[in-house]
Amino acid sequence: MDRAATAAKIGDLIAPFNKKGTELTDATTFAGDLEFDSLTVMDFVAAIEDEFDIIISMNQQAEIENYGQLIDAVVKLQG
Amino acid sequence: MTDLFSKFDPLIEQRRALLSTGLTDPFNLVMEKVVSPTEAICNGRKTILLGTYNYMGMTFDPDVIEAGKQALDDFGSGTTGSRVLNGTYAGHRLVEEALKEFYAMDHAMVFSTGYQANLGIISTIAGKGDYVVLDIDSHASIWDGCKMGDAEVVPFKHNDIEAMEKRLKRIPEGAGKLVILEGVYSMLGDIAPLKEMIRIAKENGAMVLVDEAHSMGFIGPNGRGVAEDQGVLDQVDFVIGTFSKSVGTVGGFCVSNHPKFEIMRLVCRPYVFTASLPPSVVHTAATSIRKLMHAGNKRAHLWENSKVLHQGLRDAGFKLGTETPQSAIIAVIMPDLERGAAMWEALLHEGLYVNLARPPATPAGMTLLRCSLCAEHTAEQVQTIIGMFKRAAAAVGILD
């Protein structure tokens, strides 16, 4: 799946977690802009892992701070 | 200069706000005198202890105390050395023999604390390139062990068998896999479906580590824990446990049937680079563990206490962490930290000590009043405790 298609899928998946309807750009941060707490992160990561059939380990999550980095990581993890 | 302490400002402010209301600091209580496994003097007041993890009440057992005193006389106050240098005394071997017998396993390795047992074993066996699959509600010592070992860490939703299986199946072929589970999860007192989880872990080629800290001595026909109770202990590669709960002193351990297990004594840094337990501690632990092998009556009484308290608090209208009593931990869920702290203080004024637990130690941001029962609590004490909860709740307005 290319970056655009991956981004579109992630866009669908994040909607229920984006409670305040924050506008999403590649620079949107999860902790700061979206105010995700650790529980939300776990549920959101699980949703992405299940959709793309991948693992995003905690080690990899630590490197992902914004929306663009997440899309890049998922593109890469799909191989 | 950046003050490295500025990251703690939100917590400092939260504490200041809470204590400015005149509340007793729930994290600074002093036990002035300890009367028995179930009673102490706090702030000059006789207090029933309901938050000690002293499940089997071994802390004042006469044989245990005597073994400790004798060891002080015979071996001195401390070893001043590592297990691999001058710190292995007769007592360390004695307690490892007792553990091997207690669990009917080939190898036992004793650490200076339970925290170090998890830290040491996990970080040593799961290294760079290996995968650790673990429950999201795992204890801090498990998380810290994962971080120190540098393995890929893959958490799954609490007790969710399907979520665990999916993650195991996604791990790249050929990678080393370790599944980490707990018998009893200490925050809510719920148990894990180990039978299913361990079967799936094995089907997917993973080794299995189970932390039985909160079940040893109490759960299972021989008190070996939840894995024994569910008939799967023989499938567990590593059992982690502690001396600071049912055994009644301090220390941690790992028991295993792995044929190469003894090499851990040379490669496990939290075992090598710290002083071993004092002789009095290992002798009290060995004596206690041997007595726990024959503690069937105490186990039965502890179950009875847990059931009665669970039912009593439920009937009184409290929201509890589990629908049914699953262990000797009963977690009472509070609406928020402020009212939880107020309820904790009201209970202390009634003469009852419980643990106030709050995020990040708790799951889902909950504030809990965590109760852990003891086999030495009398049936009468349990009824007194239920009455104290009702009066404190009325005073604070928790059940309205």
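Mentor: Start with the term contact. Two residues are in contact if their C-beta atoms, placed from the backbone, lie within 7 Å. Keep in mind that this is a predicted model.

Trainee: Which residues of α12(B) meet α14(B)?

Mentor: On the α12(B) side they are B:Asn305, B:Val308, B:Leu309, B:Gly312, B:Leu313 and B:Ala316. Facing them in α14(B) are B:Val382, B:Ile385, B:Ile386, B:Phe389 and B:Lys390. By class, this contact has 8 nonpolar, 2 polar and 1 charged residues.

Trainee: How do I describe the geometry of such a pair?

Mentor: Two packed helices are described by the angle between their axes and the distance between the axes. Here, α12 (residues 296–316) and α14 (residues 379–396) of chain B pack at about 25°, with axes 10 Å apart. Angles under 35 degrees count as roughly parallel, so α12(B) is roughly parallel to α14(B).

Trainee: Is the crossing of α12(B) and α14(B) left-handed or right-handed?

Mentor: α12(B) passes α14(B) in a right-handed crossing.

Trainee: Give me another pair. At what angle do α3(B) and α11(B) cross?

Mentor: Roughly 25°. The axes of α3 (residues 90–103) and α11 (residues 279–292) of chain B come within 8 Å. These helices are therefore roughly parallel to each other. The crossing of α3(B) past α11(B) is left-handed. α3(B) contributes residues including B:Leu94, B:Val95 and B:Phe102, and α11(B) residues including B:Val282, B:Ala286 and B:Ile289. The contact divides into 10 nonpolar, 3 polar and 1 charged.

Trainee: Now the interface. How many residues of chain A are in contact with chain B?

Mentor: The size of an interface is often given as the accessible area lost when the parts come together. Here we count residues instead. 10 residues of chain A are in contact with 12 residues of chain B. On the chain A side, α2 (38–52) and α3 (58–61) are the elements giving two or more residues. α2(A) has the largest share, 4 residues. By class, the chain A side holds 6 nonpolar, 2 polar and 2 charged residues.

Trainee: What secondary structure does chain A have?

Mentor: Chain A has 4 helices and 0 strands.

Trainee: And how do I judge the overall form of chain A?

Mentor: Compare its radius of gyration with a reference. For 79 residues, a compact globule would have a radius near 12 Å; chain A has 11 Å, which agrees. The C-alpha trace of chain A spans about 30 × 25 × 20 Å along its principal axes. Buried residues make up 20% of the 79. Of the contacts in chain A with a separation of 6 or more, 58% join residues 24 or more positions apart.

How values were computed
Residues are numbered from 1 along each chain as its sequence is written. Chains are lettered from A and ligands numbered from 1 in the order in which they are written. This is a predicted model: local features need pLDDT of at least 70, side-chain atom pairs count only at pLDDT 80 or more; totals for chains, interfaces and linings use all residues. Axes are lines fitted to C-alpha atoms, for helices over the stretch in contact, and angles run from 0 to 180 degrees between N-to-C directions. Angles under 35 degrees count as roughly parallel, over 145 as roughly antiparallel, 65 to 115 as roughly perpendicular and the rest as oblique. A crossing is left-handed if the near helix is turned anticlockwise from the far one by less than a right angle, and right-handed if clockwise. Ala, Val, Leu, Ile, Met, Phe, Trp, Tyr, Cys and Pro count as nonpolar, Asp, Glu, Lys and Arg as charged, and the others, Gly among them, as polar. The radius of gyration is taken over C-alpha atoms; the globule rule is 2.2 Å times the number of residues to the power 0.38. A residue is buried if 20 or more other C-beta atoms lie within 10 Å of its own, exposed if 12 or fewer, and partly exposed in between; C-beta atoms are placed from the backbone.
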